Amino acid sequence: MNRIAQFSKVSYLQFAKDWKNTFESYDDETILKIYNNIKLPKRATSGSAGYDFYSPLSFTLKPSESIKIPTGIRVKINDGWFLSCYPRSGLGFMYRLQLNNTVGIIDSDYFNSSNEGHIMIKLTNASVEDLTLELSEGAAFAQGIFTEYGITFDDEAYGIRDGGFGSTGV
């Protein structure tokens with residue numbers, strides 16, 4: 001196995017800013033408690049490819065409802081690798097839980113963005129069987145898998161990232 005990355009928390013200030021931007025009704029004391037309880041992603045077994053992301057809050061998603069979750073997590077990744085994010089397999093199977101961007105791609109240069117590389121995960125319950133998802137705080141809801149990639153011989157990408165979704169201008 002290649003050891004190519006390290007998870008950590010974003011700063012409390014970044015987390016609080018992103019949390020308030022998503023969930024306006026939370027007070028500072030509650031946000032600090034949520035931040036202090038954030039668990040770093042980890043694999044469940046030695047054979048697991050995915051690192052489980054744990055929900056910082058309890059939530060309910062009825063069919064067709066969405067939620068954006070500021071995870072409080074960032075990841076430093078070696079060049080030549082990226083992190084793919086997916087819903088946990090069982091939640092996808094049972095509830096058709098989906099990431100709104102289908103697969104989240106965390107590039108190695110995202111870590112140094114002005115938002116500290118804060119990983120946000122937006123989910124939708126796409127159940128066609130009228131199933132409501134109820135998830136408890138601390139429950140695993142998404143998974144990330146590290147993947148190596150290559151570039152073309154004539155690659156000349158010199159842009160600099162500063163943010164997440166759409167920040168590269170494409």
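Analyst: Start with burial: a residue counts as buried when its relative accessible area is under 20%. This is a predicted model, and in the protein chain 41% of the 170 residues count as buried.

User: How many helices and strands does the protein chain have?

Analyst: A strand here is a DSSP run of at least two residues, and a helix a run of at least four. The protein chain has three helices and eleven strands. Read from the N terminus, the order is β-α-α-β-β-β-β-β-α-β-β-β-β-β.

User: Which strands does E11 pair with?

Analyst: Two strands pair if at least two bridges are found between them. Strand E2, residues 51–54, runs antiparallel to E11, residues 140–148, and four bridges join them. In this pairing Tyr-54 stands opposite Ala-140. Strand E6, residues 81–87, is also antiparallel to E11, over seven bridges. There, Leu-83 faces Phe-146 of E11.

User: What share of the contacts links residues 24 or more positions apart?

Analyst: A contact means heavy atoms within 4.5 Å. Among contacts with a separation of 6 or more in the protein chain, 77% join residues 24 or more positions apart.

User: Why does the radius of gyration agree with a compact globule?

Analyst: A compact globule of 170 residues would have a radius near 15 Å, and the protein chain has 16 Å, so the two agree. Along the principal axes, the C-alpha atoms fill a box of roughly 50 × 35 × 35 Å.

Conventions. Residues numbered from 1 in each chain as written. Predicted model: local features only at pLDDT ≥ 70, side-chain atom pairs only at ≥ 80, totals over all residues. Heavy atoms only, no water. Rg over C-alpha atoms; globule rule 2.2 N^0.38 Å. Buried < 20%, exposed > 50% of the residue type's maximum accessible area, 1.4 Å probe, protein only.
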